[in-house]
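Here are a few notes from my read-through, for you to check with the model open beside you.

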Amino acid sequence: MAETMIRCKKCGQETADAQLLKNGRICPCCGNYFRMSARERIALVTDHGTFREHDGELKSRNILRFPEYDEKLEKAVETTGENDAVITGYAKIGGVPTALFAMDSNFMMASMGTVVGEKITRLFEYAAENRLPVVGFICSGGARMQEGVLSLMQMAKVSAAVRWHSDAGLFYLPVLTDPTTGGVTASYAMEGDIIAAEPGALIGFAGQRVIEQTTGEKLPKGFQSAEFQLEHGFVDLLLERRSSGTVIGRLLTANTAAERRGMYERV
Amino acid sequence: MNAYEKVALARASDRLMGNWYIGQIIDDFTELHGDRRYSDDGAIVGGIGFLDGMPVTCITMNRGGSIEDRIKRNFGCPSPEGYRKALRLMKQAEKFRRPVICFVGSPGAYCGIGAEERGQGQAIAENLWEMCALKTPVISVVVGEGGSGGALALSVADKILMFENAVYSVISPEGCASILYKDSAKAPEAAEALRLTAADLYRMKVADAIIPETYRTSEETARILKKRLVSELTALKKVSVPRLLASRYEKFRAIGAM
């Protein structure tokens, strides 16, 4: 069987899918980061064999009977093999027990509907109850239009759960990957104790085409890149993919030390 | 009236908005300016006044009146500094234990280069984060168009009241139509699909009450609103802070819960 070849958008080099996956979806030619599926991301950063999935059975329904939504959902489930755009669960990273979520841009551009909101909310509640930190690999086109205002309200619902978890003295590390936009940027992507971003990722609130249409201005080079967000003070650090597991493990260790010593009262 | 006709009413340039209602129902309103970080955003107006003798903090989106005023207020589309001003005033209300009333009505958060450079997403996120845990009653009144995240940043509240002809949506019908049908002229169909009317939001348990607009004059509508705000706030002020926060959590937790 012929190998699937994938072309790098940056340098044009074609690489076999299997080789690319082995290389952490980094272009062997120019070092450009390709998008990763949620499962690939989890496999990359978690300690081997420690991941336990939560709420994998939750599936979106077409609550508003929105046109063409059933077909879109069906197609997304078929192409990704996932039930929705986020995978949540428990794992160890660098030996530290962690609650973890990873969003998947292959599933309707990781838009946030009620299932995404519910799974992430449940994860933060689980983490608060079990005194665990949360690491979230984020990407999203924003709130899922097909679920109307119910999607929008997930921003508030998840934010409340993140706040609850934070008030319990626990650590949350969002890692912003390509692309992180819209309602997700305007909620749990920006609510971390430490906010990391992958080099080159698009991170912003408004879409670039919308900004150009609204203002009639040409966007500056590198606008809304991870580097732009770092420069403007909205992310703490750029996270190289190859060493990401090690760096995350280190941050988790530093931010759960007090918890291990039992310095916080049980809430 | 179909959904898109409601959208047109909610947006109408002569529609009376939060600033007018504040003038009608709040006594001795004193406007307070600035976010203490960057500037004073005219798209958001906030201050202190008295509702039936009760001190309250009021925050409203303001689209402006005359052409010059509209331009100055960026047509009611707040920048990050507007949300940060709103948050500053909400934290002040929390400190002095007075309730907060927010009025929503604008196309949404401003989409511009400067807004992105100053962290539009972060500003909205911080408001959500703080409003979830604000230790004083918060009521949000959707008067006109509730546009997406920019509206949500003023409506993480204990009670959401919606005017009968107000709308609240995740995306504008035009934006939705251009994505869905590749044709923004199909906005009326998109408006229907989005379920954005006050009746829809009440049915979905996002809005807690609808303020009728069937009265002969806007002054009468304002009196009805005032009566409702007084009774809601009187009830909310009797609730202990932990219970207030727990039920606010539950209100949003229940939306789309499985």
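**Notes on the predicted model**

1. Let me start with Q146(A), which is buried, with a relative accessible area of 7%. This residue of the predicted model sits in the loop that links β6 (134-140) and α5 of chain A. Setting aside neighbours within four places in sequence, the contacts of Q146(A) are L64(A), F66(A), Y69(A), K72(A) and M108(A).

2. Next, please have a look at S111(A), in the loop between β5 (96-103) and α4 (114-129) of chain A. Its relative accessible area is 8%, and because buried means under 20%, S111(A) counts as buried. The side chain of S111(A) makes a polar contact of 2.7 Å with the side chain of R144(A).

3. Two backbone angles deserve a glance. A110(A) has a positive phi of about 50° without being a glycine. A110(A) belongs to the loop between β5 and α4 of chain A, and is buried, with a relative accessible area of 0%. E68(A), again not a glycine, has a positive phi of about 70°. E68(A) is in the loop between β3 (52-54) and α3 (69-80) of chain A and is partly exposed, at 40% relative accessible area.

4. Which peptide bond is cis, with omega near -15°? The one to inspect runs from D178(A) to P179(A). P179(A) is part of strand β7 (residues 172-180) of chain A.

5. Finally, a helix pair across the two chains. Helix α5 (residues 148-167) of chain A and helix α12 (residues 241-253) of chain B have axes that come within 8 Å and cross at roughly 135°. α5(A) and α12(B) are therefore oblique to each other, and their crossing is left-handed. On the α5(A) side the contact is made by M153(A), A156(A), K157(A), A160(A), A161(A) and W164(A), while α12(B) supplies Y249(B), F252(B) and R253(B). Sorted by class, this contact has seven nonpolar residues, two charged ones and no polar ones.

Methods
Residues numbered from 1 in each chain as written. Chains lettered and ligands numbered in written order. Predicted model: local features only at pLDDT ≥ 70, side-chain atom pairs only at ≥ 80, totals over all residues. Heavy atoms only, no water. Axes fitted to C-alpha atoms, helices over the stretch in contact; angles between N-to-C directions. Helix = DSSP H or I, 4+ residues; strand = E, 2+ residues; numbered from the N terminus. Parallel < 35°, antiparallel > 145°, perpendicular 65-115°, else oblique. Left-handed = near helix turned anticlockwise from the far one by under 90°. Contact = heavy atoms within 4.5 Å. Nonpolar A, V, L, I, M, F, W, Y, C, P; charged D, E, K, R; others polar. Buried < 20%, exposed > 50% of the residue type's maximum accessible area, 1.4 Å probe, protein only. Polar contact = N/O pair within 3.5 Å; in protein donor to acceptor, adjacent residues only side chain to side chain.
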